[in-house]
Amino acid sequence: MSKGERTRAAILDEALAMTSTDGLTGLTIGTLADRLSMSKSGLFAHFGSKEQLQAAVLGRAAELFAETVVRPALTQPRGLPRVLALFENWIGWTREPVLPGGCPIQAASIEFDDRPGPIRDQIVRHQEEMRRVVIGAVRRAVEEGHLRADLDSEQFAFEGISLCYGFAQSYRLLKNPKAEQWARTAVRGLIDRARA
């Protein structure tokens with residue numbers, strides 16, 4: 001990496017940590033510049049605008065999610081082991097967050113759900129990609145005979161993703177000590193209902 005690329009990566013790491021605790025709308029060039037002991041113009045040289053910085057932060061968050069949740073699951077055998085790994089890894093992503101404030105994409109989904117524009121569009125793309133990953137894994141589990149042939153993969157994905165988001169709220173916001181047990185019980189129930 002060049003010096004400029006290393007600087008950009010360091011800025012992005014700090015911006016991502018800030019976003020995970022302060023939200024995407026709480027990420028400002030001024031605050032980030034202060035935390036990095038940089039000038040605002042130095043930050044603008046790397047990102048050009050607050051919106052470009054936000055977009056880069058979302059992209060990096062999606063990469064971290066893929067590194068932590070998706071790619072390890074894809075090393076599992078096709079079918080039910082891969083589906084289970086996706087949900088287990090997602091629970092781990094929430095339970096032992098890579099970022100201090102949890103998932104910036106989940107938080108941004110709430111922040112930007114009613115704000116049209118390129119940032120909302122990017123969040124939608126990230127959410128749709130995760131949905132496609134889950135649907136694909138479920139369809140392969142059907143092909144392998146692990147889940148029943150008439151299973152509605154989209155409904156399964158909706159329920160599974162909803163479980164993961166519900167777990168994040170119960171575990172992080174409500175600090176419910178039963179949240180992890182409930183999440184695993186709910187995933188097992190979802191899979192049991194879908195078995196061949």
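Q: Which helix does Thr19 lie in?
A: Thr19 lies in helix α1, residues 3-22. A helix here is a DSSP run of H or I with at least four residues, and a strand is a run of E with at least two, numbered from the N terminus. This is a predicted model, where local features need pLDDT of at least 70, side-chain atom pairs count only at pLDDT 80 or more, and totals for chains, interfaces and linings use all residues. Residues are numbered from 1 along each chain as its sequence is written, and side-chain values use heavy atoms, with hydrogens and water left out.

Q: Why is Thr19 called buried?
A: Its relative accessibility is 3%. Buried means under 20% relative accessible area, exposed means over 50%, and partly exposed is in between (1.4 Å probe, protein chains only). So Thr19, at 3%, counts as buried.

Q: What does Thr19 touch, leaving out residues up to four places away in sequence?
A: Thr19 touches Leu24, Leu27, Val57 and Pro104. A contact means heavy atoms within 4.5 Å.

Q: How many helices and strands does the protein have?
A: There are nine helices and zero strands. From the N terminus on, the elements read α-α-α-α-α-α-α-α-α. The C-alpha trace spans about 60 × 35 × 30 Å along its principal axes.

Q: What share of the protein's residues is buried?
A: Buried residues make up 42% of the 196 in the protein. As for contacts with a separation of 6 or more, 65% of them come from residues 24 or more positions apart.

Q: What makes Thr75 exposed?
A: Thr75 has 62% relative accessibility, which is over 50%, so it counts as exposed. Thr75 is also placed in the loop between α4 and α5. Thr75 and Ala85 are ten residues apart in sequence and 9.2 Å apart in space, C-alpha to C-alpha.

Q: Why is Ser37 called exposed?
A: Ser37 has a relative accessible area of 70%, so it passes the over 50% mark and is exposed. You'll find Ser37 in the loop between α2 (29-36) and α3 (40-47). Ser37 has a positive phi of about 55°, although it is not a glycine.

Q: How far apart are the mean positions of the positive and negative charges?
A: The mean positions of the 26 positive and 24 negative charges are 2 Å apart. Lys and Arg count as positive, Asp and Glu as negative, and His and the chain ends are not counted. Each charge is placed at NZ of Lys, CZ of Arg, CG of Asp or CD of Glu.
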